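Please read this briefing with the sequence and the 3D structure side by side.

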Amino acid sequence: MASIADYYAGKNVLITGATGFMGKVLVEKLLRSCPEVRTLYLLVRPKAGQSMQERVSDMMKCKLFDRVREDNPDFHQKIVPISSELTQPALAISPEDVERLTSCVNIIFHCAATIRFDEPLKHALQLNVIATQQLLSLAQQMHHLQAFIHISTAYANCNRRHIDEIIYPPPVEPKKLIDSLEWMEDSIVRDITPRLIGERPNTYTYTKALAECVVQRESSKLSIGIIRPSIVGASWQEPFPGWIDNFNGPSGVFIAAGKGILRTMRANNDAVADLIPVDVVINLTLAAGWYTAVHRLTFPPAALVYNCTTGGINPFHWGEIEHHVMSSFKRNPLEQAFRRPNANITSNYLMNQYWILVSHKFPALIYDLYLRLSGQKPQMMRIFNRLHKAIGLLEYFSSQDWEWNSENMSMLMSHLSPEDRKTFNFDVRQLNWPEYIENYCIGTKKYVLNEDMSDIPAARQHLRKLRNIRYTFNTLLLVFIWRVFIARSQMARNIWYFVVSLCFKFLSYFRASSTLTN
């Protein structure tokens with residue numbers, strides 16, 4: 001069989017969600033590792049006053065494309081933006097563009113979706129299910145289509161503890177749900193959403209399960225592959241370690257911890273944190289596109305599913321992540337931290353609520369009072385409320401474990417040549433977690449917050465200043481407690497003296513024991 005790069009040579013590729021996090025990495029990897037690819041058609045919608053051409057142009061100026069820019073300064077000529085809107089009938093693609101796409105596209109990578117966990121059900125259904133249906137209808141009109149690769153999520157079936165690489169029965173018939181919600185008021189849909197999603201934690205996982213069912217039903221007409229990544233994080237190796245461009249998922253949590261804002265989080269220290277680097281997902285996606293196209297005539301009439309996870313192959317736990325994130329941000333601190341990085345993970349609800357009160361809300365109130373007194377607008381309580389909401393959405397995934405079968409991932413790897421295994425590496429057994437977390441934290445500093453690494457000495461000095469402020473505050477608090485509670489009560493003084501004398505006795509005992517031992 002031809003190598004992956006040779007297969008993509010001369011091919012026309014259609015990509016949805018190309019301006020998103022994973023979509024950008026997919027475009028960059030195709031251009032860099034498959035330089036003979038003919039054209040990348042990107043479905044893009046105008047947004048925030050920018051035309052689709054301006055959005056694509058801004059995307060290509062991103063640092064992510066530096067390596068491609070060095071190899072081929074004219075790479076942008078291979079990119080053709082197509083005006084589209086996922087919420088409109090037929091994706092709002094013009095008849096001229098439909099004719100162009102149906103006459104030449106060879107592979108489709110469907111990455112577009114809403115990833116907001118708290119998205120209203122109607123909107124999530126439109127973006128994740130109906131838009132997928134419409135793209136499949138367009139795909140069936142394509143004369144030269146060889147593969148349709150759909151990006152799902154490993155948590156589409158999170159109501160199960162063991163998840164195989166199969167399409168499970170949908171929670172509800174997609175067409176019936178779409179027809180039912182079409183006439184309902186938004187307020188009614190909002191009221192019945194908890195009953196509809198059942199054991200799933202949010203509308204994202206619910207609609208992704210429905211989308212898989214929709215894709216599966218077209219597998220007799222199209223050659224289809226489904227990629228199920230778990231929690232997608234910063235890049236591992238490509239195009240450079242630690243690249244990340246958003247606050248989504250663990251990135252926002254890491255930054256909040258590095259800034260000293262996040263001090264507690266409810267999670268199970270022993271639960272597997274199923275992070276998957278974005279370049280691993282993209283390498284698997286491109287390899288799956290190649291395999292699906294090459295073997296399309298020998299496939300059974302069913303979509304081939306790839307669980308793209310790390311937990312069953314190279315597990316890493318939330319407690320370990322906490323340790324390495326804190327260590328990394330103490331070595332490479334973020335600028336103008338609110339407090340020293342020192343987050344605590346606990347699975348106990350009451351302990352978590354206590355630390356939220358003591359370490360989040362109380363300091364936020366004090367700081368907002370200071371801002372008011374200095375004539376500034378209070379903001380810390382608002383920031384903490386947003387943080388608590390974001391962390392609350394993640395608690396479901398950070399408090400429990402799943403087991404994913406990954407036989408298809410292993411099978412695909414066995415079909416790659418040694419050169420392709422190196423170029424399109426998705427073997428997570430090679431992943432060194434402490435090194436990856438270090439690069440991830442540095443990546444949030446460099447690429448999300450745009451902080452200069454040369455300013456680290458000043459950031460360390462700021463942390464030392466915060467440490468001194470903390471010591472001073474604790475000392476003053478101790479003196480205050482003494483003056484108010486202990487110095488004025490004979491019983492409190494007696495208890496205090498008893499505790500102090502007990503401590504001295506223990507110290508004397510251990511000192512004597514160590515002397516006798518020596």
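How much space lies in the second largest pocket? About 1,200 Å³ of space lies there, where a pocket is an open set of points on a 1 Å grid over the protein atoms alone, with protein on both sides within 12 Å along at least five of seven lines. This is a predicted model, in which local features need pLDDT of at least 70 and side-chain atom pairs count only at pLDDT 80 or more, while totals for chains, interfaces and linings use all residues. Residues are numbered from 1 along each chain as its sequence is written, and side-chain values use heavy atoms, with hydrogens and water left out.

**The second largest pocket**
- Its lining consists of 30 residues, and those nearest the centre are Phe-338, Arg-339, Pro-363, Ile-469 and Arg-470 (lining residues have an atom within 4 Å of a point).
- Helix H13 (349-373), H14 and helix H18 (456-486) each give two or more residues to this lining; helices (H or I, at least four residues) and strands (E, at least two) are DSSP runs, numbered from the N terminus.
- By class, the lining of this pocket has 17 nonpolar, seven polar and six charged residues, where Ala, Val, Leu, Ile, Met, Phe, Trp, Tyr, Cys and Pro count as nonpolar, Asp, Glu, Lys and Arg as charged, and the others, Gly among them, as polar.

**Cavities**
- There are three cavities of 30 Å³ or more, a cavity being a set of points where a 1.4 Å probe fits but cannot get out; grid points are joined across faces, edges and corners, and a volume is the space filled by probe spheres set on the points.
- The largest cavity holds about 190 Å³ of space, and among its 19 lining residues Val-253, Phe-254, Met-265, Trp-318 and Ile-321 lie nearest its centre.
- Helix H12 gives the most to the lining of the largest cavity, with five residues, and by class this lining has 15 nonpolar, three polar and one charged residues.
- The second largest cavity has a volume of about 40 Å³, and its lining includes Tyr-155, Asp-274 and Trp-404.

**Asn-283 and the annotated span**
- Asn-283, found in helix H11 (residues 278-294), is buried at a relative accessible area of 2% (buried means under 20%, with a 1.4 Å probe and protein chains only).
- Leaving aside neighbours within four places in sequence, Asn-283 is in contact with residues including Lys-29, Glu-238 and Phe-424, contact meaning heavy atoms within 4.5 Å.
- An unreviewed UniProt entry annotates residues 15-284 as "domain: Thioester reductase (TE)", and such annotations may be inferred rather than shown by experiment.

Key: Buried means under 20% relative accessible area, exposed over 50%, partly exposed in between (1.4 Å probe, protein chains only).
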